[in-house]
Amino acid sequence: MKLKEEVNTLIKKAFANAGIEAEPITVTDATKPEFGDYQFNGAMALAKQLKQNPRQIAQTILDNLETGGMIQKAEIAGPGFINLWLNPEWIAASCQNAEENERLGIGTRSNPIKAVVDYSGPNMAKQMHVGHLRSTIIGDTLANLLEFLGDDVIRQNHIGDWGTQFGMLIAYLEEMGEEGNGSLKDLEQFYKDAKSRFDADESFANKAREYVVKIQSGDAHCLTLWKKFIDISLGHCEEVYEKLDVNLSRDDVRAESFYNETLAKVVEDLDKAGMLQESDGAQCVFLEGDEVPVIVRKSDGGYLYATTDLAALYYRANVLGAKRISYVVDARQSGHFKQVFRVAKEAGFVPEDVKLEHVAFGTMMDKNGKPFKTRDGGTVKLIDLLDEAVVRAKAAITSKENYSEEELEKIARIVGIGAVKYADLAINRESNYIFDWDKMLSFEGNTSLYMQYAYARIQSIFRKYGKDVEGEIVIGDELEHKLAVMLLRFEDVLNKAAEDAAPNQITTYLYELVTLFMRFYERNPILKEGVDEQTRISRLMLADLTARTIKQGLAILGIQVVDRL
RNA sequence: GCACUCGUAGCUCAGCUGGAUAGAGCACCCGCCUUCUAAGCGGGCGGUCUCAGGUUCGAAUCCUGACGGGUGUACCA
């Protein structure tokens, strides 16, 4: 339910009834329990405009407020705040409705759009490393989120499969023959071996250069080798996606090479639009106010990634028909995207009404605040990091319960991978973040384990209860009131998170929800003796709604839950 | 040099479409298990929100400047 919107509607009506012309500012969540559930702070702002005392304006708004069963109490406080308390019966009915609804009462957009989310984007010449983690999971979350809200989401994995390095790699692959398949298991090593071969042997180097040209001109033999190489490399990525539980498949791949044929046209169209200038032999677009131009064709005739990105933008806006195109890419490329977006709009490659956004994120750091590396300074392979997460998770949970080996493996995987993802998603994506195993796999604070633990506890209650729950939700005390309102806020949070492309808004919400639930759980017994049936049923239903909200929230983050922990 | 970005408790971070006494977790101290999972809950300690101005009835939040960290800055992606 769009709770805030419903409250806002009442305020808007009050404005209309009172004959106040201004558009009211939106209500905000109450900052303190004693201020109710929502507060409206717009009276103060209007005071000057209307030349009236703010409290008087607040009173006028109150006099015209139709509470409609939704608001129980509205009070003026301080200089002119209006504090609003939701009616417990209305809350109960709304929760009841959510509980009986598959989607927890959350609607799908009335105006869904096509949304392209570009994320992950690994380089085929190398193994995926920790640097790819954030793009992959933030992008996946954004895609899941928009999809859940009803948009038509098109996932795009813009893999790097084109460029001079592939000449060297396929020449080496050819030389290795059958053996090559095996040595490709470690792409990092394969790349190094190929490179040293390239540096040591002039004839090999020449062949490598020749192969670059041959791939680009469509030579069948070289293309076969290249395809084989890409296929194996992509297989490595899929292994990572599988472990990470990310919704990316081969169908989502639109590689750099996919745009190869259209690059010349991009330059041509820019020329036609009169935006092209030659500078030092390169074809450039000079944007007003920018020091550096966007180079779309090198002096040697080659194209650059700005050209590919322009081609991709054209394809996404015009062929795919996207109205929102989100690039989940490292913050260091913000300058690049700012320029490319401008060029695309000015050249008319992308219609004015299409929203282009760079969903930028910071760098992953180690405990000392330095970029995250292995002990010898190399990059940390993503697959190794994920495997370690599972091993650590296993060690952390083994001591608690007697699981079967199979169960242990399954839970460790869900818990370990979930911890890695959650720790990343819980941070405001713009800032750099410190990677810390101990913190990540702790059960305390804002971690995935805390949510999963709460979920498991609720499942445990239902196992003990053993019957179907049917009845009515009744809001008993202040804690249940807070919990219920929090549950109803879920849709607002998802919508805001989608608008801002900010997964951490979801984690913050889940953490607050679970904290409230834990308090509720401590204080309001459910199955214990002395709880009357009506109260028990109501509390069970609130617990169930909480569990389902946790499950849904985590699912959007790409994290699973377990029934027992 | 120029541009972007960040600076909140000892540490890791929320809060930033301006609102009432700035919030969590960790760490440290004190309480709570014979009944729903104590991987939990309650309480305490801890802040001139980097600094200086400005706008405003009201600023951690907006603007300007300084200082400090990070990043980018024409033929790599």
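**Close-up 1. Gln-560 and its contacts.** Not counting residues up to four places away in sequence, Gln-560 touches Asp-245, Arg-413, Ile-414 and Gln-452 in this predicted model. Gln-560 itself lies in the segment after α21, the helix of residues 533-556. Although Gln-560 and Ile-414 are 146 residues apart along the chain, their C-alpha atoms are separated by 6.2 Å. Is Gln-560 buried, partly exposed or exposed? Its relative accessibility is 33%, and therefore Gln-560 counts as partly exposed, since that class lies between the limits of 20% and 50%.

**Close-up 2. Helix α14 and its buried side.** Helix α14 is made up of the 17 residues 382-398, which at 1.5 Å a residue should span 24 Å, and the C-alpha atoms at its ends are 24 Å apart, in agreement with that expectation. The buried residues of α14 are Leu-382, Ile-383, Leu-385, Leu-386, Ala-389, Val-390, Ala-393 and Ile-397. These residues cover an arc of only 160° around the axis, so they lie on the same side of α14. The buried residues of α14 pack against α5 (133-149), α10 (220-244), α15 (405-425) and α16 (437-440), whereas the face turned away from the buried side carries the exposed residues Val-391 and Ala-395.

**Close-up 3. The open sheet of four strands.** Four strands, in the order β1-β2-β4-β3, form an open sheet in which the pairing is antiparallel. Its edge strands are β1 (28-29) and β3, each of which pairs on one side only. Strand β3, residues 71-77, is joined to strand β4, residues 81-86, by six bridges in the antiparallel sense, and strand β2, residues 38-40, pairs with β4 over three bridges, also in the antiparallel sense. In the hairpin of β3 and β4, three residues stand between the strands, and Gly-78 takes a positive phi near 55°.

**Close-up 4. Asn-83 in strand β4.** Which residues stand across from Asn-83, a residue of strand β4? Asn-83 is the bridge partner of Glu-75, and Gln-39 also stands opposite Asn-83. With a relative accessibility of 3%, Asn-83 counts as buried, because the limit for that class is under 20%. Leaving aside neighbours within four places in sequence, Asn-83 is in contact with Phe-35, Tyr-38, Gln-39, Lys-73, Ala-74, Glu-75 and Ala-77.

**Close-up 5. The parallel pair β5 and β6.** Strand β5, residues 114-118, and strand β6, residues 152-156, run parallel and are joined by five bridges. Strand β6 is mostly covered, as four of its five residues are buried.

**Close-up 6. Helices α8 and α9 packed together.** Two packed helices are described by the angle between their axes and the distance between the axes. For helix α8, residues 187-200, and helix α9, residues 202-216, the angle is about 115° and the axes are 5 Å apart. This angle makes α8 roughly perpendicular to α9. Where the two helices meet, Ala-194, Arg-197, Phe-198 and Ala-200 come from α8, while Glu-202, Phe-204, Ala-205, Ala-208 and Arg-209 come from α9.

Terms used. Residues are numbered from 1 along each chain as its sequence is written. Chains are lettered from A and ligands numbered from 1 in the order in which they are written. This is a predicted model: local features need pLDDT of at least 70, side-chain atom pairs count only at pLDDT 80 or more; totals for chains, interfaces and linings use all residues. Side-chain values use heavy atoms; hydrogens and water are left out. The expected span of a helix is 1.5 Å times one less than its number of residues. Buried means under 20% relative accessible area, exposed over 50%, partly exposed in between (1.4 Å probe, protein chains only). The arc is that of the directions from the helix axis to the C-beta atoms. Contact means heavy atoms within 4.5 Å. Two strands pair if DSSP finds at least two bridges between them. Axes are lines fitted to C-alpha atoms, for helices over the stretch in contact, and angles run from 0 to 180 degrees between N-to-C directions. Angles under 35 degrees count as roughly parallel, over 145 as roughly antiparallel, 65 to 115 as roughly perpendicular and the rest as oblique.
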